[in-house]
Amino acid sequence: MISSKPSMRLAGTVPPLSLPDGRIHRAAGPLVPAALVLLAVGLLAVLPIGRLVAAALFIEGTFDASLLLDRLARGATQRAIFNTLDTSLFGALLALVLGAPLALLIAATDMPLRKLQGFLLILPLMIAPQVMALAFMHLLGPSSALLGAVGLAPPPGTANPLLGRSGIIVLFGIQHAPIVFITLRAGLILIPRDYVEAARAAGMGPARVLSGVVLPLLRPYVIAAAALAFVSGVGNFGIPALLGMPENYLTLATLIYQQLSSNGPTVLPQVAGLSLLICAIAILGIGAQGLALRRRPFALTRGTPMHFALGHWRWPAAITGMLALSIALLLPAAALIATSLVPAYGVALSTATVTLDNYAEVLLRQASTMRAFVNSSYLSLLAAAILAVLAVPLALGMAQLPRAFARLSHGMLELPYALPGIVLAIACILLFLRPLPLLGSLYPTPWIILIAYLMRFAALGLKPVEAALGQLPPDLNEAAAASGAGAIRRLLTITAPLVAPAAAAGALLVFMSAFNELTVSALLWSSRNETIGVILFSLEESGLSPQAAAVAVITLIVIIVLLAALDRLSGRFPVGVLPWR
């Protein structure tokens with residue numbers, strides 16, 4: 001899952017469907033028929049969710065919830081529900097504890113190294129959850145190559161402290177702290193400086209201003225951030241799979257995976273009900289987020305944001321922040337690299353044991369991992385390219401619709417991205433298991449994964465284009481129309497070139513999210529159609545940890561390079577395109 005990942009609309013971005021004054025931007029391009037928007041929303045959102053509901057609640061066309069109720073009555077299901085709610089709730093609270101102070105320091109103070117810390121804090125959002133889990137397992141386990149190199153590894157036979165409930169909560173907190181950071185940062189930059197200056201003029205100190213002015217104004221964003229982190233935990237598969245399944249500590253996502261892995265498609269109606277339950281929990285979290293943001297106690301503004309001067313605390317704060325990020329990100333990454341450089345799991349890293357054989361094995365000799373890199377690369381590229389092309393006419397079509405209908409369409413299109421990936425995977429299996437006319441069954445082919453990527457990441461590719469369209473001055477198209485330029489010509493010569501950088505940024509975000517995705521492909525892959533996320537999980541389960549670590553390090557390098565390129569080109573993108581800026 002991005003992801004586990006930002007899995008919903010984040011507050012504070014430029015309104016995608018309207019101009020800054022709130023008017024619908026109807027002159028942005030040609031009049032795209034509403035049928036285009038209806039078709040996209042129907043195929044990418046309504047169809048999979050509708051099929052899931054039909055399988056879970058209807059038997060031969062008649063409403064019958066007996067399968068769902070029977071499944072809910074089982075002890076394993078009830079334990080999985082409790083574990084899901086428990087780890088997601090406490091993981092969200094930990095994410096608040098980790099992300100909120102850094103959001104305040106980065107967005108509202110003069111702390112040095114703010115941009116670097118903001119970039120580092122975003123990394124867990126772009127790194128696959130299974131990679132994060134693998135890195136921490138190799139850092140703290142008794143077979144840690146890194147700790148073994150300095151003589152600090154736990155005694156052999158000691159259980160890894162991250163296995164089970166506590167480890168899942170800790171990694172949920174770290175993985176979802178960027179969601180808290182982005183959401184709170186969006187609220188912090190909208191609090192006018194005048195509020196803070198008025199409080200200081202009234203004699204309030206910095207601590208009193210923070211507790212008496214800033215935090216009450218920020219409360220809706222805190223609730224929204226916690227709700228987003230909670231929903232992300234509900235749908236997270238990679239972390240509970242690696243840390244919970246070895247201890248038989250199952251969440252709803254891993255229970256569904258275990259049921260399908262053991263029994264195959266015969267249990268689809270039952271797991272469809274469990275998927276619908278996850279869907280309901282996630283929608284409640286999304287609703288809590290939306291309700292909180294609608295009750296903001298201050299008007300949105302793009303004026304001068306508030307600012308706190310830290311004085312002599314500037315560098316201590318910066319050093320503390322960098323130390324926390326190093327412990328949470330750099331040490332696990334170093335442990336992952338160390339494990340990838342030893343010949344066997346449990347061997348301490350030294351000049352005598354260091355080897356690149358694991359990288360040669362996964363890149364040059366092991367057929368399954370080589371196929372996985374190829375499959376993930378071309379499926380991610382195809383999904384990114386298709387969505388980049390579709391994003392412009394789709395965004396233009398939404399801009400022409402009445403406001404209420406546009407919001408409904410946009411919300412429906414965001415649903416597959418907001419909901420847990422395992423829900424979408426079950427929906428795709430139900431849709432494409434039976435043969436289709438002329439196409440046959442798509443289930444044992446890579447194309448079902450591609451379709452799932454298109455459904456899941458359509459909103460991610462659309463957001464940057466909407467942000468760019470919302471900032472285009474209508475004068476350009478109006479002048480071109482007055483000069484006799486037709487709708488298609490205006491699209492090709494004005495609108496498309498101006499929003500192309502945003503479409504490219506959206507395509508890169510889609511590629512990064514899909515490249516090492518596991519939650520969706522864990523249920524959709526088939527023989528010779530493995531993806532990187534699947535192969536990494538399989539290598540770790542098979543005891544080939546050094547090779548799994550090598551695969552994880554390669555994916556980390558790809559993601560960091562792409563993120564750095566996006567950050568370097570951020571000046572060419574409209575405001576609101578990159579979530580960390």
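1. Ile 319 lies in helix α13, which spans residues 314-340; helices here are DSSP runs of H or I with at least four residues, numbered from the N terminus. The model is predicted: local features need pLDDT of at least 70, side-chain atom pairs count only at pLDDT 80 or more, and totals for chains, interfaces and linings use all residues. Residues are numbered from 1 along each chain as its sequence is written, and side-chain values use heavy atoms, with hydrogens and water left out.

2. Ile 319 is exposed, at 55% relative accessibility. Exposed means over 50% relative accessible area, buried under 20%, and partly exposed in between (1.4 Å probe, protein chains only).

3. Gln 259 belongs to helix α11, residues 252-263. Its relative accessible area is 18%, so Gln 259 counts as buried. Apart from neighbours within four places in sequence, Gln 259 contacts Arg 71, Gly 264, Val 267 and Val 271; contact means heavy atoms within 4.5 Å.

4. The largest nonpolar core contains 185 residues, and Leu 336 is among those with the most contacts inside it. Helix α18 (residues 447-470) supplies the largest share of this core, 15 residues. Such a core is a set of buried Ala, Val, Leu, Ile, Met, Phe, Trp, Tyr and Cys residues joined through side-chain atoms within 4.5 Å.

5. How many disulfides does the structure hold? There are 0, a disulfide being a pair of cysteine sulfur atoms within 2.5 Å. Cys 279 is buried at 5% relative accessible area, and Cys 428 is buried at 0%.

Key:
Helices (H or I, at least four residues) and strands (E, at least two) are DSSP runs, numbered from the N terminus.
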